[in-house]
Amino acid sequence: MPLQTATPVAEDVAGADAEFLYTLNFGPQHPATHTTLRLILTLDGETIVKAVPDIGYLHSGFEKLGEDLDFNQYVTIVDRMNYISPVANEIAWHHTVEKLIGIEITPRCKYVRTILAELARISDHLLCVGAAALDLGALTAFLYAFNAREKVYNIIEATAGQRFHPSYTRVGGLSADISDEVVALIRDFVKTFPKVHGDIVRLLNRNRIFIDRTKGIGVLSKEDAISYSASGPVARASGVVRDLRKDEPYLAYKELASAFKVVCGKGGDCYNRYLVRMGEMLESWKIIAAAVESLPTGPVNVDLNDKLTIPDKNATYRSIEGLIQHFELFMWNRRWETPVEEVYGANETANGELGFYVVADGSGTAFRARTRPPSFIHFAMFPLMMEGHQISDVPAVLGSLNIIAAELDR
Amino acid sequence: MPYLDTLNAKFAGAFTTSAFRDNARVSVGADKAALVLFDLLKCLKDECGFDFLAELGGIDYMGYPNATDRFCVVYGLANLTTGERVWVKAFANDPDPELPSVVELWRGADWMEREVYDMYGVRFSGHPDHRRILMPSEYTGHPLRKDYPLRGYGERHNFPTVTRADS
């Protein structure tokens, strides 16, 4: 496939040097990319003169499917966008849909969603930090991180019945309430996590090789971070103080605002992004610890009479109201009534601002379900961060940006 | 909203406003968008403090209730100091939907505009690297348009067959 760069490389550098440049194809299948993405690197020796990302290998039309599936069905698709922290995507999607319809979810639902969103953040950061260290040769940290992620998966499994793609949220609530067993698992995780975190900190924070490979690599200045629309840990490591959990509090973050702080860095390099992620994990841990102890009782779904939530099996089979509501929500030409309006809702997920722009035409299916994917926006900065560095810095920068190709291409 | 006074002073009559939930919107119709959109966004960025382009996405309003223009590009701006957001909607119509590119204002618009072009066929004049981004470069359709079918066989049949000899 002919892939042209915006300006031919030969014009960028002095003519005589041009013949010494050569092009290296990196990916789409390469162990250091972790996911399916391709880079076309123009090299001068080992120095990268130009990096051109070529994406789209995992494009599978998620947004087109969002115009066909209803608000509850599409949750199975958003699950698969950032598959490292799927619950966070579900929560962001239903946050937007509930904003559109105008649903105020119950306090217990808010807290359960908050806990799961923070568990997802920890799980995402653990993978990012672990895999970034793995690419730089530190295998042990990766194993510690994955051991802790296993615990998060166990909690998700006990909560929703599935480990990887739980499809747990529903319009106006959750597919099931959490049991006491889940609360016990979360308490256990809260107890054990600081040790894992400390282990990783001790393995990496003062590790000479790790610091040499990450400090001063892939620097993103504050001005560039703003200009390139960076969000989440990538922006905060560059000194942009922006966290939607504090700026536009949603779920239970308003009540839990005193439990956590926003972690920021100044350097904007890979090491800073690593430190911000490590710091954020501890803050998430504090949120979970505070939320699980003040978990409200009561229903997780909004009132059945609102005709928004799926009735449980008992109500469906034993009461006429439940049966009718079940029927109404599952017949393709019924489902929810929505305003003929459009709304944007965003959550602070592990990678950054994950937003959905939903246009509704009155039916229970989105007319347009635009995703604001943080990976896509962060990968656009990759050439800027890469130029002038060595080829061995590619895995370090890729790992610190945490590019998830399924979200990148959707 | 103080930015509305600034916009009214400079672009009176060129835009309409609306709001839903916490989204405040400024809409620029298809007849004005090509001329005033860039200046309006520049004014919002430089004079009203909306320095962050949080989101840029396309919408195809074909068949939408009471829609007058077909394509729409939504610019989600945020003020990093106050946290305020504003949504600018710019419309474009067939046969040649085109809007000014804002890559000059926000570098982050680069890939997002390429995605809108790829998915909807809306061109952005002045874009430095106007190519498809997700679909292959030989692709002819624009998949997120409402007249593009969800199911069925399509352009794949038109792909040239690559043999071992010429690969």
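In the hairpin of β1(B) and β2(B), which residue takes a positive phi?

Modeller: The model is a predicted one, and what follows should be read accordingly. The residue is B:R21, whose phi is positive, near 50°. The hairpin to which B:R21 belongs has two residues between its strands, β1(B) and β2(B).

The strands on either side of this turn may be taken next. Strand β1 of chain B covers residues 15-20 and strand β2 of chain B covers residues 23-28. They run antiparallel and are joined by six bridges. One such pairing places B:S18 against its bridge partner B:R25 in β2(B).

β2(B) also pairs with strand β5 of chain B, residues 85-92, and here the sense is parallel, over four bridges. Two of the pairings can be named: B:V26 has B:V88 as its bridge partner in β5(B), and B:S27 has B:K89. In general, strands of a sheet pair through backbone hydrogen bonds, in either a parallel or an antiparallel sense.

In chain B, five strands form an open sheet in the order β1-β2-β5-β4-β3, and the pairing is mixed. β1 and β3 of chain B are the edge strands, each pairing on one side only. On average, and with direction ignored, neighbouring strands of this sheet are turned by 20° against each other. Helix α3(B) packs on the sheet, where it touches β3 and β4 of chain B. The direction of α3(B) makes about 5° with that of β3(B).

In total, 32 residues of chain B are in contact with 37 residues of chain A. On the chain B side, β3 (52-60), β4 (71-78) and α3 (109-120) each supply at least two residues that touch chain A. β3(B) gives the largest share, six residues. Classified by residue type, this side of chain B has 20 nonpolar, six polar and six charged residues.

Chain A is divided into domain 1 (9-54) and domain 2 (62-302 + 335-372). Taken over C-alpha atoms, the centres of the two domains are separated by 33 Å.

Helix α4 (residues 86-101) and helix α5 (residues 107-135) of chain A pack at an angle of about 140°, with their axes 7 Å apart. α4(A) and α5(A) are therefore oblique to each other, and their crossing is left-handed. From α4(A) the contact draws on A:V87, A:A88 and A:I91, and from α5(A) on A:R113, A:L116, A:A117, A:A120 and A:R121. By class, this contact has six nonpolar, no polar and two charged residues.

How values were computed:
Residues numbered from 1 in each chain as written. Chains lettered and ligands numbered in written order. Predicted model: local features only at pLDDT ≥ 70, side-chain atom pairs only at ≥ 80, totals over all residues. Contact = placed C-beta atoms within 7 Å. Nonpolar A, V, L, I, M, F, W, Y, C, P; charged D, E, K, R; others polar. Pairing = 2+ DSSP bridges. Axes fitted to C-alpha atoms, helices over the stretch in contact; angles between N-to-C directions. Parallel < 35°, antiparallel > 145°, perpendicular 65-115°, else oblique. Left-handed = near helix turned anticlockwise from the far one by under 90°. Domains from an automatic or database assignment.
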